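Student: I would like to learn how to read a protein structure. Could you take me through one, feature by feature?

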Amino acid sequence: MLLLNDICGLSQRDIEYVLDPLSKPFAELLKEGRAVIARQREERKALIVEDEPLIAADLKDVLENMGVTVVGLARTADQGAREALKSAPDIVLADYNLDGQKTGVDAVIAFQDSHQCPVIFITGYPDDVLKGEDVEPDFVIVKPYRPEAVQAAVAHCLDTERFFAIDADSANGDL
């Protein structure tokens, strides 16, 4: 119901039609659902790697409105990598084109061996993010972005159990 209301923008009438019959009144279900999601996210931490201050501030607002704590704002790849290792975020939102010589991909490469978490690239250069083999982002959102798209991607990343590949050599056959 939250997805249909908050992301898809369906009206109460349409949602009641799709989910007929509802187990409780619409407003009560919506309130309960939002409370459950807020409790699950209140301990979640995010890092934003973005060199444009207005965009970084907007992304921070989007995350905080979702109940996610922003533990750092980085303008360069080196700052982003250091902050990721220091704060161990649950999710990273990164731009591709950053201040300096390095990119958002460079930032992710610098911390991904020590700290793995979902990564969402929000960029005007989606092809550059997707052409590399070193980083497999969870989502790529093209600028200019819609806050609803960011919310949906972040919600998916934080609300979905994540499994990481195990190196066959280090697994020793124990799976």
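Tutor: Gladly! Let us begin with a term: a residue is buried when its relative accessible area is under 20%, exposed when it is over 50%, and partly exposed in between, using a 1.4 Å probe and protein chains only. Tyr 125, for instance, is partly exposed, with a relative accessible area of 41%. Tyr 96, by contrast, is buried, at 16%.

Student: What should I know about the model itself?

Tutor: This is a predicted model, in which local features need pLDDT of at least 70 and side-chain atom pairs count only at pLDDT 80 or more, while totals for chains, interfaces and linings use all residues. Residues are numbered from 1 along each chain as its sequence is written, and side-chain values use heavy atoms, with hydrogens and water left out.

Student: How many helices and strands are in the protein?

Tutor: Helices (H or I, at least four residues) and strands (E, at least two) are DSSP runs, numbered from the N terminus. Here there are nine helices and five strands. Along the sequence, they follow the pattern α-α-α-β-α-β-α-β-α-β-α-β-α-α. Of the 175 residues in the protein, 37% are buried.

Student: How do I read the two sides of a helix?

Tutor: An α-helix has 3.6 residues a turn, so residues three or four places apart point the same way. Take helix H6, residues 104-112: its buried residues are Gly 104, Val 105, Ala 107, Val 108 and Phe 111. They sit on the same side of H6 because they cover an arc of only 155° around the axis; the arc is that of the directions from the helix axis to the C-beta atoms.

Student: Which elements do the buried residues of H6 pack against?

Tutor: Their partners are helix H5 (77-87), strand S3 (91-94) and strand S4 (119-123). Contact here means heavy atoms within 4.5 Å. At the start of H6, a side-chain oxygen of Thr 103 comes to within 3.2 Å of the backbone nitrogen of Val 105.

Student: What is a nonpolar core?

Tutor: It is a set of buried Ala, Val, Leu, Ile, Met, Phe, Trp, Tyr and Cys residues joined through side-chain atoms within 4.5 Å. In the largest one, of 21 residues, Leu 63, Ile 91, Leu 93, Ile 120, Ile 122, Val 150 and Val 154 touch the most other members. Two or more residues each come from strand S1 (45-49), helix H4 (53-65), S3, S4 and helix H8 (147-159). H8 gives the largest share, six residues. Apart from this core lies another, of 18 residues, including Leu 47, Ala 77, Leu 98 and Val 105.

Student: And how do I read an aromatic pair?

Tutor: A pair of aromatic rings is described by the distance of the centres and the angle of the planes. Rings of Phe, Tyr and Trp (its six-membered ring) pair if their centres lie within 6.5 Å; planes under 30 degrees apart count as stacked, over 60 as edge-to-face and the rest as tilted. The structure holds one such pair. Tyr 96 and Tyr 125 are tilted, with 6.4 Å centre to centre and 50° between the planes. The pair links distant parts of the chain, 29 residues apart: Tyr 96 is in the loop between S3 and H6, and Tyr 125 in the loop between S4 and helix H7 (126-131).

Student: What does the side chain of Asp 95 make a polar contact with?

Tutor: A polar contact is a pair of N or O atoms within 3.5 Å; within protein, one must be able to donate a hydrogen and the other to accept it, and residues adjacent in sequence count only if both atoms are side-chain atoms. The side chain of Asp 95 makes one with the side chain of Thr 123, at 3.4 Å. Asp 95 lies in the loop between S3 and H6 and counts as buried, at 4% relative accessibility.

Student: Which backbone features are worth a look?

Tutor: Most residues other than glycine have a negative phi, and most peptide bonds are trans. Ala 88 is not a glycine, yet has a positive phi of about 45°; this residue is in the loop between H5 and S3. A cis peptide bond joins Asp 20 and Pro 21, with omega about -5°. The bond from Lys 143 to Pro 144 is cis too, with omega near -5°.
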